[in-house]
Amino acid sequence: MNILNLFVDATKMASTDYVGFTFFIGCMAMMAASAFFFLSMNSFDSKWRTSILVSGLITFIAAVHYWYMRDYWAAFGESPTFFRYVDWILTVPLMCVEFYLILKAAGATKSLMWKMILLSIVMLVTGYLGEAVYPAQAQIWGLFSGIAYFIIVYEIWMGGASKLAAAAGGAVQAAHKTLCKFVLIGWAIYPIGYMAGTEGWYSGIFGGLDMDVIYNVGDAINKIGFGLVVYQLAVDSK
Ligand SMILES: *C/C=C(C)/C=C/C=C(C)/C=C/C1=C(C)CCCC1(C)C
């Protein structure tokens with residue numbers, strides 16, 4: 001591809017380029033959400049500021065990656081898998097930190113936080129191996145990733161984290177419950193994207209869908225939604 005083509009590809013977007021469009025609008029949405037979280041942060045009690053700061057960091061890290069992914073897609077017309085997973089490996093552990101931060105007052109320990117961070121890293125590394133390194137074995141890597149995902153779901157819905165939330169009660173318990181729903185329903189969007197983008201027994205079911213569009217929609221819902229739940233918690237307990 002010569003430099004002129006690069007220039008043309010990067011500045012002109014076809015009206016049917018849903019991947020390009022969702023990278024573009026995703027980038028904008030993440031930037032706007034970051035401004036919102038950062039600017040509102042100081043209007044809250046100091047005990048919520050770190051949580052709101054982390055909400056803003058999650059969308060800000062995503063905004064920067066979306067900027068690069070949008071460019072990469074425009075230049076090469078290929079999935080920016082590497083940037084995608086670098087984004088996730090920074091932001092998903094931060095989402096685990098959010099659980100810890102809101103449950104800290106109820107007695108959450110660092111070991112709970114590290115357990116969730118570790119599980120999320122296992123989930124993402126195995127997903128990357130299946131998507132980018134060993135695509136012929138995508139099914140088995142996807143299965144390993146799915147197991148780590150289910151342990152996270154178990155931990156927050158039924159394990160130690162859920163008990164702490166019940167003990168905290170009130171607005172904290174309500175926020176915890178909503179975050180749990182994001183992880184169960186919102187995060188389930190990602191394995192669908194994976195099945196759309198890799199080969200396996202599932203290809204007949206999900207093969208017609210576009211992996212990047214699914215991931216982009218998932219990111220907007222989960223990253224901005226998660227942050228807003230934490231924001232709402234800070235408002236409710238002001
Ligand atoms: C902001 C980014 C988020 C919340 C990303 C979450 C990603 C996942 C929950 C990915 C999960 C996967 C599986 C459960 C199996 C197939 C491989 C993955 C990595 C797509």
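**Contacts, burial and helices**

Me: Which residues does T59 touch, not counting those up to four places away in sequence?

Reply: This is a predicted model, in which local features need pLDDT of at least 70 and side-chain atom pairs count only at pLDDT 80 or more, while totals for chains, interfaces and linings use all residues. Residues are numbered from 1 along each chain as its sequence is written, and side-chain values use heavy atoms, with hydrogens and water left out. A contact means heavy atoms within 4.5 Å. With residues up to four places away set aside, T59 touches M30, A33, S34, F37, K223 and I224.

Me: Is T59 buried or exposed, and what is its relative accessible area?

Reply: T59 belongs to helix α3; helices (H or I, at least four residues) and strands (E, at least two) are DSSP runs numbered from the N terminus. Buried means under 20% relative accessible area, exposed means over 50%, and partly exposed lies in between, with a 1.4 Å probe and protein chains only. T59 counts as buried because its relative accessible area is 0%.

Me: How far apart are the C-alpha atoms of V64 and D87?

Reply: V64 is also a residue of helix α3, but it is partly exposed, because its relative accessible area is 35%. Along the chain, V64 and D87 are 23 residues apart. Their C-alpha atoms are separated by 8.8 Å.

Me: How many helices and how many strands does the protein chain have?

Reply: In sequence order the pattern reads α-α-α-α-α-α-α-α-α-α-α. The count for the protein chain is therefore 11 helices and 0 strands.

Me: What radius of gyration does the protein chain have, against the value for a compact globule?

Reply: The C-alpha trace spans about 60 × 40 × 25 Å along its principal axes. The radius is taken over C-alpha atoms, and the globule rule is 2.2 Å times the number of residues to the power 0.38. For 238 residues a compact globule would have a radius near 18 Å, so there is agreement with the value of the protein chain, 19 Å.

Me: Which share of the contacts with a separation of 6 or more joins residues 24 or more positions apart?

Reply: Of the 238 residues in the protein chain, 47% are buried. Among contacts with a separation of 6 or more, the share from residues 24 or more positions apart is 74%.

Me: With which residues is S40 in contact, leaving aside neighbours within four places in sequence?

Reply: S40 lies in α2, which covers residues 18-40. It is buried because its relative accessible area is 11%. Apart from neighbours within four places, S40 contacts I52 and Y231.

Me: Which helices do the buried residues of α8 pack against?

Reply: Helix α8 (residues 170-186) has 17 residues and reaches 23 Å from first to last C-alpha, close to the 24 Å expected. Its buried residues are V172, A175, H176, L179, C180, F182, V183 and G186. They pack against α3, α4, α6, α7, α9 and α11.

Me: Which residues does I189 contact, leaving aside neighbours within four places in sequence?

Reply: I189 is found in helix α9 and is buried because its relative accessible area is 19%. Its C-alpha atom and that of N222, 33 residues away along the chain, are separated by 9.7 Å. Beyond its neighbours within four places, I189 contacts I214, G218 and I221.

Me: How far apart in space are Y202 and A234, C-alpha to C-alpha?

Reply: Y202 lies in the loop between α9 and α10 and counts as buried because its relative accessibility is 3%. It touches A138, Q139, Y194, M195 and G207, residues up to four places away not counted. Y202 and A234 are 32 residues apart in sequence, and their C-alpha distance is 42 Å.

Key:
Expected span 1.5 Å × (residues − 1).
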